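Student: I am new to this structure. Please give me one close look at how its side chains meet inside the fold.

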Amino acid sequence: MPVTVLLVDDEPLVRAGLRAVLAAQPDIEVVGEAADGAAVIPLVRQLRPDVVAMDVRMPLMDGIEATRALLRTVSDPPKILVVTTFENDEYVYEALRAGADGFLLKRARPAEIVHAVRLVAEGDSLLFPASVRQLAAEYGDGGGNPAARAAMERAALTEREAEVLRLMARGLSNAEIAGRLIVGTETVKSHVSAVLAKLGARDRTQAVIAAYESGFVAPG
């Protein structure tokens with residue numbers, strides 16, 4: 001089955017460019033478009049896309065609020081890929097904190113756009129881990145978030161789960177973590193699932209953000 005994508009951006013040229021790049025792939029299908037975040041929820045309910053590629057800055061409802069609303073109101077929500085002009089942007093970090101699964105630069109090359117959609121859809125690796133680390137270093141309270149620290153303490157990760165979280169924060173995929181720890185991929189998947197459950201994280205991006213904001217992992 002192809003990965004289905006909903007495009008949300010107030011610039012028609014951006015939507016047209018993304019559609020042209022993605023529609024050229026045999027394993028990706030663009031199922032719809034919208035010009036503002038306010039249209040996301042009804043379209044997601046109607047089209048059930050696997051991934052929403054959404055501009056972070058839009059005039060009526062931006063990508064941050066649209067992400068919050070989508071995750072709050074839609075059961076089994078799609079993956080959310082924030083599309084942005086600037087990499088080092090507080091809006092991007094706030095979108096990740098709100099629950100977005102990754103971000104994509106509008107100037108990215110076609111191959112990078114396709115890779116980002118596929119990677120977010122698969123969900124077993126962190127998209128642009130170095131950039132997420134830089135965003136956390138600049139906007140993530142330097143590990144001084146009391147709520148994040150308390151949540152990490154309550155999680156009571158085992159030694160192996162803590163090791164897996166640190167490797168997740170470095171951007172390693174499940175297969176790469178398995179090779180590093182000399183265990184099976186299914187074992188890693190079980191550890192990742194346990195980490196997400198204990199942290200109350202939707203996916204590995206939110207788990208890594210929690211790790212940075214709690215000081216469990218240093219973003220520098």
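Tutor: Buried means under 20% relative accessible area, exposed over 50%, and partly exposed in between (1.4 Å probe, protein chains only). This is a predicted model, so local features need pLDDT of at least 70 and side-chain atom pairs pLDDT 80 or more, while totals for chains, interfaces and linings use all residues. Numbering runs from 1 along each chain as its sequence is written, and side-chain values use heavy atoms, without hydrogens or water.

Start with the rings. Two aromatic pairs turn up in a search of the whole structure. One is Tyr93 with Tyr139, a tilted pair with 6.4 Å from centre to centre and 35° between the planes. (Rings of Phe, Tyr and Trp, its six-membered ring, pair with centres within 6.5 Å; planes under 30 degrees apart are stacked, over 60 edge-to-face, the rest tilted.) Tyr93 sits in helix α4, residues 90–98, and Tyr139 in helix α6, residues 129–139, so this pair ties together parts that are 46 residues apart in sequence. (Helices, H or I of at least four residues, and strands, E of at least two, are DSSP runs numbered from the N terminus.) How buried are these two tyrosines? Tyr93 has a relative accessible area of 0%, so it counts as buried. Tyr139 is buried too, at 18%.

Phe103 and Phe128 also form a tilted pair, 5.6 Å centre to centre and with 55° between the planes. Here again distant parts of the chain are linked: Phe103 belongs to strand β5 (residues 102–105), while Phe128 is in the loop between α5 (110–122) and α6, 25 residues away. Phe103 is buried, at 1% relative accessibility. Phe128 is partly exposed, with a relative accessible area of 30%.

Now the charges. The count comes to 15 salt bridges, each a side-chain nitrogen of Lys or Arg within 4 Å of a carboxyl oxygen of Asp or Glu. Go back to α4 for one of them. Arg97 bridges to Glu213, and their closest N and O atoms are 3.0 Å apart. Arg97 is in helix α4 and Glu213 in helix α11 (residues 204–213), so the bridge spans distant parts of the chain, 116 residues apart. The Arg97 end is partly exposed, at 34% relative accessible area. The Glu213 end is buried, at 6%.

Next, take Asp101 and Arg202. Their salt bridge has its closest N and O atoms 2.5 Å apart. Asp101 is in the loop between α4 and β5, and Arg202 is in the loop between α10 (185–199) and α11, so parts 101 residues apart in sequence are tied together. Asp101 is buried, with 5% relative accessible area. Arg202 is partly exposed, at 30%.

Some bridges are local. Arg160 and Glu163 meet in a salt bridge of 3.2 Å, N to O. Both lie in helix α8 (residues 159–169), three residues apart, which means about one helical turn separates them. Arg160 is partly exposed at 30% relative accessible area, and Glu163 is partly exposed at 32%. Salt bridges can also join up: Asp9, Glu11, Asp55 and Lys106 are linked in a network of them.

Asp36 deserves a stop of its own. Look for Asp36 in the loop between β2 (28–34) and α2 (40–47). Asp36 is buried, with a relative accessible area of 8%. Beyond residues up to four places away in sequence, Asp36 touches Val8, Met58, Pro59, Leu60 and Met61; contact means heavy atoms within 4.5 Å.

The largest nonpolar core has 55 residues, and Val8, Met54, Leu96, Leu165, Met168, Ile177 and Leu199 touch the most other members. (A nonpolar core is a set of buried Ala, Val, Leu, Ile, Met, Phe, Trp, Tyr and Cys residues joined through side-chain atoms within 4.5 Å.) Helix α8 gives the most to this core, six residues. Another core of 22 residues lies apart from it, with Leu22, Val51, Val83 and Leu104 among its members. Leaving aside neighbours within four places in sequence, Met54 contacts Val8, Val40, Gly63, Ala66, Thr67, Ile80, Leu81, Val82 and Val83.
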